[in-house]
Amino acid sequence: MSSLKPLADRVLVKPDEAEQKTASGLYIASNAQEKPQRGTIVAVGAGKVNDKGERIPMDVKIGDVVIYGKFGGNEVKVDGEKYLLMRADDIYAVVEA
């Protein structure tokens with residue numbers, strides 16, 4: 001991936017692939033597949049700056065698997081791959097192993 005550095009409290013997420021089969025093994029048409037709400041963080045901004053000029057550290061880091069809102073973030077293409085650029089506030093949880 002080419003270098004893309006999110007600013008402030010933004011993160012770049014590589015969404016998981018959409019489910020292509022149901023639990024019973026039926027294939028789902030591409031137009032009926034739900035948008036994934038889980039992905040892996042591939043780049044992180046430095047964090048917001050508060051009113052005192054202090055940088056607020058981010059709660060997430062590169063490599064974290066996260067859950068985010070269904071319509072969170074903006075789709076961007078980098079080297080032909082789809083990513084989501086979103087604010088850290090749009091992330092609901094970090095999946096812990």
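A salt bridge here is a side-chain nitrogen of Lys or Arg within 4 Å of a carboxyl oxygen of Asp or Glu. By this rule, the chain has five salt bridges. The model is a predicted one, in which local features need pLDDT of at least 70 and side-chain atom pairs count only at pLDDT 80 or more, while totals for chains, interfaces and linings use all residues. Residues are numbered from 1 along each chain as its sequence is written, and side-chain values use heavy atoms, with hydrogens and water left out.

Two further terms are needed for placing the residues. Strands (E, at least two residues) and helices (H or I, at least four) are DSSP runs, numbered from the N terminus. A residue is buried under 20% relative accessible area, exposed over 50% and partly exposed in between, with a 1.4 Å probe and protein chains only. In this chain there are six strands and zero helices, and the order of elements from the N terminus is β-β-β-β-β-β. Of its 97 residues, 25% count as buried.

Among the salt bridges is the one between Asp9 and Arg87, whose closest N and O atoms are 2.7 Å apart. This pair links distant parts of the chain, 78 residues apart: Asp9 lies in the segment before β1 (10–15), and Arg87 belongs to strand β5 (residues 81–87). Asp9 is buried, at 4% relative accessibility, whereas Arg87 is partly exposed at 35%. The two residues are also part of a network of salt bridges that links Asp9, Lys48 and Arg87.

Another salt bridge joins Asp16 to Arg38, with 3.4 Å between the closest N and O atoms. Asp16 is partly exposed, with a relative accessible area of 30%, and Arg38 is partly exposed at 37%.

Asp64 and Lys61 also form a salt bridge, their closest N and O atoms being 2.9 Å apart.

The strands come next. Strands of a sheet pair through backbone hydrogen bonds, either parallel or antiparallel. Two strands are taken to pair if DSSP finds at least two bridges between them. The six strands here form an open sheet with antiparallel pairing, in the order β4-β5-β1-β2-β3-β6. At the edges stand β4 (74–78) and β6 (91–95), each with a single partner strand, so one side of each has no neighbour in the sheet. Neighbouring strands are turned by 45° against each other on average, direction ignored; the axes are lines fitted to C-alpha atoms, for helices over the stretch in contact, and angles run from 0 to 180 degrees between N-to-C directions.

Individual pairs can be followed across the sheet. β1 and β5 run antiparallel and are joined by four bridges, and Val13 stands opposite Leu84 in β5. β1 pairs with β2 in the antiparallel sense over five bridges, where Pro15 has Gly39 in β2 as its bridge partner. β2 is in turn joined by three bridges to the antiparallel strand β3 (residues 65–68), with Val65 in β3 as the bridge partner of Thr40.

Two residues can be picked out by their backbone angles. Most residues other than glycine have a negative phi, and most peptide bonds are trans. Ala8, although not a glycine, has a positive phi of about 50°. Ala8 is found in the segment before β1 and is partly exposed, at 31% relative accessibility. Asp79 likewise has a positive phi near 50°. Asp79 lies in the loop between β4 and β5 and is exposed, with a relative accessible area of 57%.
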